[in-house]
Structures are given as C-alpha cells and as structure tokens.
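This report walks through one protein chain.

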Amino acid sequence: MSIGYHNQISAISAPLAKPIETVQKTIESSVDTLVSPKETHKARNAIAVGSSVVVLSALVALLNPRISPKVIEKLKSISLKAGKKADTNKHDTVLNKFYRMCESASDGTVKTIRFINNFNSAKDASLKWFCTEKKDFLGVRNKSARNILKKVDDGVRKVLKKPHESITGFFDNISKHTVISKYSKASGKMDSLEELIAMHKDRLPESQKLELETKLAEIQKRREYFSEAKTKERFAVQEQVMNNLERDFWAKYRVYSSGFTNKWQDKGEHISKNLSFWAQEILQPAQNKIEANGMDAVSKLTGEKGVYKEAIDILAPHLSMEENALFAKRLNDVSISLKKANKSECIDYFDKKRDLMLGSAPTDVVTAITGLGLSGVAISTADNNDQRISRLLTGVLPVVGGLGASLVFTARLISGPVGMISGAGVGVLLNILGSFTNKHILGNKAETEVDNG
C-alpha cells in the first residue's frame with residue numbers, strides 16, 4: 001500500500017518537480033546577488049515564504065477578481081474629465097495628446113475590468129450550475145445516453161450541492177456578522193453620546209427639558225433603522241433583489257457570447273461594443289437606491305440637520321466652550337462609525353452578496369485548494385523526511401495559512417490589495433513560527449542540507 005501510494009505521488013509530482021526546482025533556483029540565485037553569503041539562508045527563507053504567499057494570493061486575486069462598480073464609476077469620471085480637458089486644450093498639441101491618452105487609458109481599463117468580471121462571473125455561475133442545478137440534457141438525442149447522463153448528474157449533485165451551498169452560507173454568515181458588528185460598535189458610540197446628553201439636561205429650564213426629551217424619543221425611533229433586526233430585514237431585501245440575477249446574467253451573457261461566431265477580425269469590435277453589461281451593473285440601480293436609503297437614515301440621525309444635532313443645539317447655550325467641543329467630537333465619532341457601518345452594508349456586503357449569489361465562494365475555495373495542491377507537490381519533491389518537514393513548517397503552512405486568511409478577510413468584506421497584503425502578513429508570521437519549530441525539532445540539520453545543497 002505505502003509503496004503504491006509513494007509511486008503514485010512520484011508519478012504526479014515528477015512533471016511538476018522540474019518547474020518548481022527551476023523557480024527555486026532562480027529565487028536563490030537572485031537572493032545571492034542581493035545579500036551577503038552569511039545572510040543568504042535567512043534571506044532565502046524570508047523571500048521564499050513571502051513570494052509563495054504573495055504569488056498564490058495573487059493567483060486567487062487574478063482568478064477571482066471582483067471589483068466594485070464604484071471603481072468603474074471613478075474611471076468613467078476620470079475619462080470624462082480628461083475628454084473635457086482635451087477639448088479645452090485642443091490648440092495645445094502636447095496637453096491635448098496627454099489628456100486624450102488619459103481618456104483612452106481609462107476607457108480601456110473599464111473595458112478590461114468588465115471583460116474579466118464577465119468571465120469570472122460566468123465561471124462562478126457555471127460551477128454553481130454544475131454542482132446544484134438539475135440538467136435535462138435535451139441536446140442529447142440518444143435516450144439511453146441521456147438517461148445515463150441524468151443519473152450521473154443526480155450523483156454529482158448529491159455529492160456537491162450541499163458542500164457548495166454550505167460554503168456559500170458560511171461566507172455569507174461571516175459577511176453579515178461583519179456588518180452587524182459594525183452597527184453594534186456604532187450603537188455603543190450612540191449610547192455614549194446620549195449618556196453625555198443626559199448628564200447635562202438638568203441645566204435646562206423645564207420647557208426645554210421637555211423639548212429635549214422629545215428629541216431623545218425621536219433619536220430612539222431613528223436608531224431602530226440600525227438595529228440588528230432591521231438590518232437582517234434589509235439583508236433579506238437585498239437577497240430578494242438578486243433573485244433573478246443568474247437568469248438576467250445568463251440572458252445577457254448569451255447575447256454577448258453569440259458574437260464570437262463572427263469572423264476573427266470582428267471579435268475585437270464585438271468585445272468593445274458589448275462589454276456594457278456585467279453582473280455588477282445589472283443590479284446597480286437597486287444598489288444605488290439601497291445606498292441612498294442608508295445615507296438618508298444616517299443623515300437624519302447625525303447630519304447637520306439631524307436629530308442628534310438638534311438635541312445638542314438645545315443644550316449648547318448652557319455649555320462651556322470645552323463642553324461644546326466634547327459634544328461635537330462625540331457626534332463626529334458617531335457619524336463616522338455609522339457611515340462606515342452603512343458603507344459596509346450597502347456597498348461592501350451588497351457587492352459580496354451579489355458575488356455569492358453567482359457562486360463566488362466555492363470557486364475561491366477551489367482556487368485556494370489548488371494552491372494547497374501545488375504546495376503538496378513541493379513537499380513530495382523533497383529529498384528526505386527532514387526536508388519534507390522543513391518545507392511543511394516554513395513553506396506550506398505559511399502559504400496555506402496566508403491563503404486561508406485572505407479568504408476570511410474577503411468574507412469579512414476586506415478585499416483587493418488590503419486582503420492580499422493582510423493574508424501575506426499572516427503567512428509571514430506563520431513562517432516565523434514554523435522556522436522556530438523547525439529549529440526546535442530538527443536543530444540545524446535541515447538548514448545545513450539546504451545551504452549545502
């Protein structure tokens with residue numbers, strides 16, 4: 001059994017061993033030119049894990065890029081402004097060309113993002129369809145073959161549907177908890193502000209005390225919008241808005257894809273003309289409305305004409321300059337905290353929920369597992385047990401930990417470069433821990449072999 005298993009591993013890893021060794025030698029030779037011989041091993045160790053985490057995290061990011069529509073809007077704005085500047089400076093050849101170049105670059109970036117997002121949304125939705133949707137195979141004319149395919153499909157869905165849904169639900173729950181926790185933090189700041197108001201209300205005459213109590217009652221009503229129960233209701237509304245997302249996406253994607261039956265010279269023009277849709281933009285009007293509702297709720301509570309400001313204005317004439325400054329600071333803290341929480345709900349979570357509805361979480365996990373598989377191959381190509389343990393502790397665990405952390409950061413609505421850098425940071429910390437453990441268990445044996453090898 002063990003010999004057979006070892007032979008299978010060797011057969012799998014043999015084709016990949018040479019590229020892995022080539023990359024390793026390239027990194028090591030580059031390090032040798034940058035650092036002194038005494039520091040070479042430490043530098044190799046640090047750069048190896050850093051490179052592995054960053055490269056594999058970048059792999060996740062490149063295979064699963066999901067960029068907020070806000071980025072598109074910003075790029076469109078840049079393009080529009082550059083176009084206007086070019087028109088204004090049409091008699092200045094240098095400036096005109098510069099602004100036209102900026103306009104073209106912005107438009108090109110928008111088209112590229114749309115193309116990549118369309119492709120990845122289709123990939124996510126395809127995996128979801130494969131794992132969860134019942135197929136009729138009407139295109140298969142042979143009845144026996146069709147029945148066999150249906151049975152195979154039943155078996156595949158029986159195995160994969162529940163894990164696919166569980167992974168999606170797991171990531172969704174983490175994202176929801178992130179939003180709720182931010183509102184909870186804002187709620188604590190509101191409590192603090194209201195306690196401060198209550199401490200000073202005895203300075204008011206009876207008529208103004210009643211006015212202040214009325215404002216405090218209105219504050220409690222408006223705070224209900226940000227409660228956990230109401231937030232969960234809005235989560236349900238977002239999900240309802242997205243009920244037909246897959247249907248609408250595939251309908252548009254079929255129109256988009258049909259153009260590729262044209263001659264090769266027409267494909268560039270087809271891409272340029274038909275990239276006006278993507279999954280994000282299908283829901284953009286709904287997201288804009290949800291975001292506007294949230295911003296309005298925040299403004300009515302903490303804005304310049306908000307009810308908190310009205311309550312503080314009643315107290316203001318009876319407060320010292322220092323006390324008024326304290327109230328202004330507390331109100332500003334509440335405003336910032338609520339705006340962050342509202343952005344987390346209306347933009348970050350909405351974007352995440354849309355991707356989850358299309359099936360993004362399982363494809364992220366599959367990509368991470370691919371990285372884990374490559375790390376496993378790296379272990380299997382080691383010369384002996386000591387090197388295997390060394391690579392596991394100082395290479396594989398940091399990489400896996402870094403990728404896992406990146407996925408968790410994404411679920412907690414921290415994505416893009418920040419999520420990747422944070423995941424890489426976790427990987428580096430795990431490498432430090434792994435290196436310490438490696439020295440503790442193996443002494444310098446594995447390190448000597450690496451240095452002498």
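The model is predicted. By the sulfur-distance rule, a pair within 2.5 Å, the count comes to zero disulfides. Such a bond would be a covalent link between the sulfur atoms of two cysteines. Cys-131 is buried, at a relative accessible area of 6%. Cys-346 is buried too, with 1% relative accessibility.

**Overall make-up**

The chain holds 17 helices and zero strands. It has 453 residues, and buried residues make up 37% of them. Take the contacts between residues at least 6 apart in sequence: 79% of these join residues at least 24 apart.

**Helix pairs**

| Helix pair | Crossing angle | Axis separation | Handedness |
|---|---|---|---|
| H11 (284-302) and H13 (321-358) | about 165° | 10 Å | right-handed |
| H5 (143-200) and H7 (228-241) | about 145° | 10 Å | right-handed |
| H6 (206-223) and H12 (307-315) | roughly 160° | within 9 Å | left-handed |

How do H11 and H13 run relative to each other? Angles over 145 degrees count as roughly antiparallel, and the H11/H13 angle is about 165°. The two helices are therefore roughly antiparallel.

The H11 side of this contact is made by Gln-287, Ile-290, Glu-291, Gly-294, Met-295, Val-298, Leu-301 and Thr-302. On H13, the residues that meet them include Leu-331, Val-334, Leu-338, Asn-342, Cys-346, Phe-350 and Arg-354. By class, the contact of H11 with H13 has ten nonpolar, five polar and four charged residues. Cys-346, on the H13 side of this contact, is the residue given above as buried at 1%.

Thr-302 deserves a separate look. It is found in helix H11. Thr-302 counts as buried, because its relative accessibility is 7% and the cut-off for buried is under 20%. Leaving out residues up to four places away in sequence, Thr-302 touches Tyr-308, Leu-331, Val-334, Ser-335 and Leu-338. Leu-331, Val-334, Ser-335 and Leu-338 also belong to the H13 side of the helix contact.

By class, the contact of H6 with H12 has seven nonpolar, one polar and six charged residues.

The crossing of H5 and H7 is right-handed. Lys-176, Val-179, Ile-180 and Tyr-183 of H5 make this contact with Glu-228, Thr-231, Lys-232, Arg-234 and Phe-235 of H7. By class, it has four nonpolar, one polar and four charged residues.

**Loop residues**

Which residues does Leu-413 touch, not counting residues up to four places away in sequence? They are Ser-175, Thr-178, Val-179, Ser-344, Asp-348, Tyr-349 and Lys-352. Leu-413 lies in the loop between helix H15 (385-411) and helix H16 (416-442). It is a loop residue, yet it is buried, with a relative accessible area of 12%. Leu-413 and Val-179 are 234 residues apart in sequence. Their C-alpha atoms are 8.7 Å apart in space. Val-179 also takes part in the contact between H5 and H7.

Phe-137 is another loop residue, between helix H4 (93-132) and helix H5 (143-200). Most residues other than glycine have a negative phi. Is Phe-137 buried or partly exposed? At 22% relative accessibility, Phe-137 counts as partly exposed, because buried means under 20%.

**A glycine in H4**

Gly-108 is found in helix H4. It counts as partly exposed, at 29% relative accessibility. Gly-108 and Leu-75 are 33 residues apart along the chain, and their C-alpha atoms are separated by 9.7 Å.

Technical notes: Residues numbered from 1 in each chain as written. Predicted model: local features only at pLDDT ≥ 70, side-chain atom pairs only at ≥ 80, totals over all residues. Heavy atoms only, no water. Axes fitted to C-alpha atoms, helices over the stretch in contact; angles between N-to-C directions. Helix = DSSP H or I, 4+ residues; strand = E, 2+ residues; numbered from the N terminus. Parallel < 35°, antiparallel > 145°, perpendicular 65-115°, else oblique. Left-handed = near helix turned anticlockwise from the far one by under 90°. Contact = heavy atoms within 4.5 Å. Nonpolar A, V, L, I, M, F, W, Y, C, P; charged D, E, K, R; others polar. Buried < 20%, exposed > 50% of the residue type's maximum accessible area, 1.4 Å probe, protein only.
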